[in-house]
Amino acid sequence: MSPGPFPLLIPLKSATPAASLTATADPFWQILVLLIFLRFIYCFTVRKAMAGISNSLQLKHGLALWCPQSSSLTRPHPSSSIRFRSFHRNFVVASSSFLNDNREFVIVGGGNAAGYAARTFVEHGMADGRLCIVSKEAYAPYERPALTKGYLFPLDKKPARLPGFHTCVGSGGERQTPEWYKEKGIEMIYEDPVTSIDIEKQTLTTNSGKLLKYGSLIVATGCTASRFPEKIGGNLPGVHYIRDVADADALISSLEKAQKVVIVGGGYIGMEVAAAAVGWKLDTTIIFPENQLLQRLFTPSLAQRYEDLYKENGVKFLKGVSIKNLEAGSDGRVAAVKLGDGSTIEADTIVVGIGAKPAVSPFEVVGLNNTVGGIQVDGLFRTSIPGIFAVGDVAAFPLKMYDRVARVEHVDHARRSAQHCVKALVSAQTHTYDYLPYFYSRVFEYEGSPRKVWWQFFGDNVGETVEIGNFDPKIATFWIDSGKLKGVLLESGSAEEFKLLPELARSQPSIDKAMLQKASSVEEALEVAKASLVVGQKA
């Protein structure tokens, strides 16, 4: 007779003295074995029942019934022995086809916003066993601005490297290494971008085919670099775009062998990469179609000051020109830039920094803003679909203090929007996001540089401008509209002076333009602005 799947309990019979001794203890051992047997039957029956429920019941949030770790029912146990201590931590009401354990909150994107959102979940005790981050990158979230600043420093000038700039060190917070996420119970899925979403089933599909479940979803996909078309040489070896660590590593490999570098674009990326190339002692040319650097922010006179500084460092400029195509050499690598007038500029390395586009795919279905681009959200970063949020560069949000919808591509907004969104999601916070636009840049900061450049801007660059200072090293620009101070930019300020800027821009005090123009120094101009702030507060 077969004993079946479980051993039968039978009395031991033996004529040996040892067996006789064992037989006297039979009742004790049989009770123990019986208890183990009953426990096994109980666990086996419950697991079978829960698996049945899992396959038939679709919980919207895919939450764990008991254990926040949410281990899948159908996964084979790592050992053939039975571990009774772990059974109560394995019951999950969710389909066995979902490949993420943490399903209550899912963040898509692995940049700054994801890192700061994760920290906020942890601060509210809502991360462990609940939060999953799905990223296309191979690294835990990091402070992306470093890629065009310290990361590009020459190798003998102490360049930044991971894990040194993982979030949230950029704001003075803890360095969140991959181990940090593991310790906090946050599930990380690397190098597997999301390619589709099913809003009805609340599921995501990744590039590798993983099916993921979410309860609340935060889209933090950021932007992708705008690229030259392939037909004009945009994908030639030696042509670079910078958006992630892999991009920056590829550029560094080219810079190590480069002699002539051409940078296309006169914005943030163009100016920062050009400053880095100077540190590598390379022949460097910046090409852009506008008539000045950083046209969307700088005044013409301020732009000229920075252009002169770059020229002093050997950088050449070609302004107001168009590019016809990039040309390859005999080895297939890029060799030159052909301009619209037919002339060519030799280059063995080209960096294209012509802007970025919000990475909305595959989330177009949640609702886009066709004016500023990106996913439309409200003041709590909620999209038109309940349970789906968007933050950072990809979000088109109400800019409360200026009463308009905006999309801001900046690390400060990425941090703040992520924190605000998570607080609204997991706490009773209901106040609308009230962001003050902020931009900055830091260049020529490597060892041996004759001058380090650091400017900050707060507010709105509208109205008339007043410029004070001789750029040696300080200069300040004030934007005044209808008698009110709207924005201010300061180069090479002290910590105390920089701290004053957001207060001025947010308060928008009435200011005496004539008195400001009479200021003989940046310090005096800031005192005039500060006095206007005090008068406004008294009124």
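I began with helix α6, which is mostly covered, since 11 of its 12 residues are buried (buried meaning under 20% relative accessible area, exposed over 50% and partly exposed in between, with a 1.4 Å probe and protein chains only). I am reading a predicted model, in which local features need pLDDT of at least 70 and side-chain atom pairs count only at pLDDT 80 or more, while totals for chains, interfaces and linings use all residues. Residues are numbered from 1 along each chain as its sequence is written, and side-chain values use heavy atoms, with hydrogens and water left out.

**Helix α6.** I noted that α6 covers residues 268-279 and reaches 17 Å from its first C-alpha to its last, close to the 16 Å expected (1.5 Å times one less than the number of residues). Helices here are DSSP runs of H or I of at least four residues and strands are runs of E of at least two, numbered from the N terminus. Among the buried residues of α6 I listed Tyr-268, Met-271, Glu-272 and Val-278. Just after the helix, Lys-281 takes a positive phi of about 60°.

**Surroundings of α6.** I then looked up what the buried residues of α6 pack against, and found β10 (260-264), β11 (283-288), α7 (300-312), β16 (349-352), β22 (438-443) and β23 (453-459); contact means heavy atoms within 4.5 Å. The helix lies across β10, β11 and β16, and runs at about 170° to β11 (axes are lines fitted to C-alpha atoms, for helices over the stretch in contact, with angles from 0 to 180 degrees between N-to-C directions).

**The sheet.** I traced an open sheet of 5 strands in the order β9-β16-β10-β11-β12, with parallel pairing, where two strands pair if DSSP finds at least two bridges between them. Its edge strands, β9 (239-240) and β12 (316-319), each pair on one side only. Between β10 and β16 I found 4 bridges in the parallel sense, and Val-262 stands opposite Ile-350 in β16.

**Nonpolar cores.** The largest core has 135 residues, and Phe-121, Trp-455 and Phe-478 are among those that touch the most other members; a core is a set of buried Ala, Val, Leu, Ile, Met, Phe, Trp, Tyr and Cys residues joined through side-chain atoms within 4.5 Å. Its largest share, 7 residues, comes from α6. Apart from it I found another core of 16 residues, including Phe-228 and Ile-350.

**Cysteines.** Taking a disulfide as a pair of cysteine sulfur atoms within 2.5 Å, I counted 0 disulfides. Cys-168 counts as buried because its relative accessibility is 0%.
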